[in-house]
Amino acid sequence: LPCVSTVPRPPWTRVSRPTLLPVHEGSADNSDDSEDGEQEALHARGQTLSRKTPGFLMQMKILMTRRLVQWWRMTERLVFIIALIFAATFFGVLDRYIVVQPLWDANPVLYLHTALALLMGIFCLHIFGDAQPLFWRERARGMNVPAFYLSRVTINMVDLVIQTFFFTAIYYVIRQPRVPYSTWALPFLLVSLVASAWGTLVSLAARPVKGAFFVTLLIFVSCGLLGQPTMLVEFLQGGPVEVIVSSLSLTRWSVAMNFCTSATRLHPDPMRMGLKDSAVFALQEQVYLKRDWWGIGIWETALCAMLVMSTGIRVIAFVLLVYRNRDKNV
């Protein structure tokens, strides 16, 4: 019988075998001898076993198509969308009807950004945390790693936009912040972008069973703790501490964008506030408004900082994908 392999090959490898030679029964040594004989016979005829691996663009197309099919069949997305809808409804009702927070207050925005970053970070653990042995096997067979990385990150952007829209639209309808939706929602999209980068990095640096724990710890410390206005007053005094906080805390930038929009359009007057609200507004104004902001404005500075943060984290994640577990090419 002809020796025909039943193991499916990856789509980016095409192996041409001009001739199938018979394989006789025998030991493993006889099998090796038959393979050597096949090679010698093909060389004698001027033929060789050739393996043609497509380039980056062709593999990118193949991997994007495969990832789109996997994305369409993913059912875990519904669980996160329900969680986001519940969180947006809860915070919207809490801020408008129960606690009755001022529309300009940055603290509710901080909690919103932290909740969104936490859910997005946990959701993005699946990008590279699932099926790692399959990735190792395909990489050993010639898969282009940059094409694999870009295909997964690009398709994940669709989830970021959809889930961020659900979260912001529901809260916006309930809360009615009295600012344009597009201007108000853009910092949330940047939060999702950076949080997904953290989730991608953790999925490659930690074991899958511990990924959710590390993402939760990272988000709560960098967003909830370091992003508090009362803490930023102490941290943003120049020196290495400010550099570290500005590099790790995404809410240090995103909350400033929302507070700037609210303060500019609502024109809150401290003279008409109570003692507590006026003190809170003075503190937040000192943290978010009365700063140099690199001389280009609050929005421009925060936008550049968050894009640089997201890009830097994703570059580190790509390096881990390329060089980590190279010995597991099975």
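# A walk through a predicted helical model

The mean pLDDT of the protein is 83, and 82% of its residues reach 70 or more; pLDDT is the predictor's confidence in each residue, on a scale from 0 to 100. This is a predicted model, in which local features need pLDDT of at least 70 and side-chain atom pairs count only at pLDDT 80 or more, while totals for chains, interfaces and linings use all residues. Residues are numbered from 1 along each chain as its sequence is written, and side-chain values use heavy atoms, with hydrogens and water left out.

The secondary structure comes to 14 helices and two strands. Helices (H or I, at least four residues) and strands (E, at least two) are DSSP runs, numbered from the N terminus. A contact means heavy atoms within 4.5 Å. Residues 14–29 also stay under 50 in pLDDT, and the model has 28 contacts for them beyond four places in sequence. Where pLDDT is low, the predicted coordinates should not be read in detail.

Two totals describe the protein as a whole. Of its 330 residues, 45% are buried; buried means under 20% relative accessible area, exposed means over 50%, and partly exposed lies in between (1.4 Å probe, protein chains only). Among contacts between residues at least 6 apart in sequence, 82% join residues at least 24 apart.

The next topic is how helices pack. Two packed helices are described by the angle between their axes and the distance between the axes. Axes are lines fitted to C-alpha atoms, for helices over the stretch in contact, and angles run from 0 to 180 degrees between N-to-C directions.

Helix α7 (residues 145–175) packs with helix α14 (residues 298–323) at an angle of about 135 degrees, and their axes are 10 Å apart. The two helices are therefore oblique to each other; angles under 35 degrees count as roughly parallel, over 145 as roughly antiparallel, 65 to 115 as roughly perpendicular, and the rest as oblique. The crossing of α7 and α14 is right-handed. A crossing is left-handed if the near helix is turned anticlockwise from the far one by less than a right angle, and right-handed if clockwise. On the α7 side the contact is made by Val145, Pro146, Phe148, Tyr149, Val153 and Met157, and on the α14 side by Arg314, Ala317, Phe318, Leu321 and Val322. The residues of this contact of α7 with α14 divide into 10 nonpolar, no polar and one charged. Here Ala, Val, Leu, Ile, Met, Phe, Trp, Tyr, Cys and Pro count as nonpolar, Asp, Glu, Lys and Arg as charged, and the others, Gly among them, as polar.

Helix α7 also packs with helix α8 (residues 181–205), at about 135 degrees and with axes 9 Å apart. The crossing of α7 and α8 is right-handed. Residues of α7 that meet α8 include Asn156, Leu160, Thr164 and Phe165, and their partners in α8 include Tyr181, Trp184, Phe188 and Ser192. The residues of this contact of α7 with α8 divide into 14 nonpolar, five polar and no charged.

Ala106, Val109, Leu110, His113 and Thr114 of α4 make the contact with Thr251, Ser254, Val255, Asn258 and Phe259 of α12. This contact of α4 with α12 has five nonpolar residues, five polar and no charged.

The loops remain. Leu236 sits in the loop between α10 (229–235) and α11 (240–248), and Leu236 is buried, with a relative accessible area of 7%. Leaving aside neighbours within four places in sequence, Leu236 is in contact with Glu242, Ser246, Arg252 and Arg291. Met74, in the loop between α2 (56–73) and α3, counts as buried at 15% relative accessibility.

Most residues other than glycine have a negative phi, and most peptide bonds are trans. Val100, in the loop between α3 (76–98) and α4, has a positive phi near 55 degrees and counts as exposed at 54% relative accessibility. Arg178 lies in the loop between α7 and α8. Arg178 has a positive phi of about 65 degrees although it is not a glycine, and Arg178 is exposed, with a relative accessible area of 62%.
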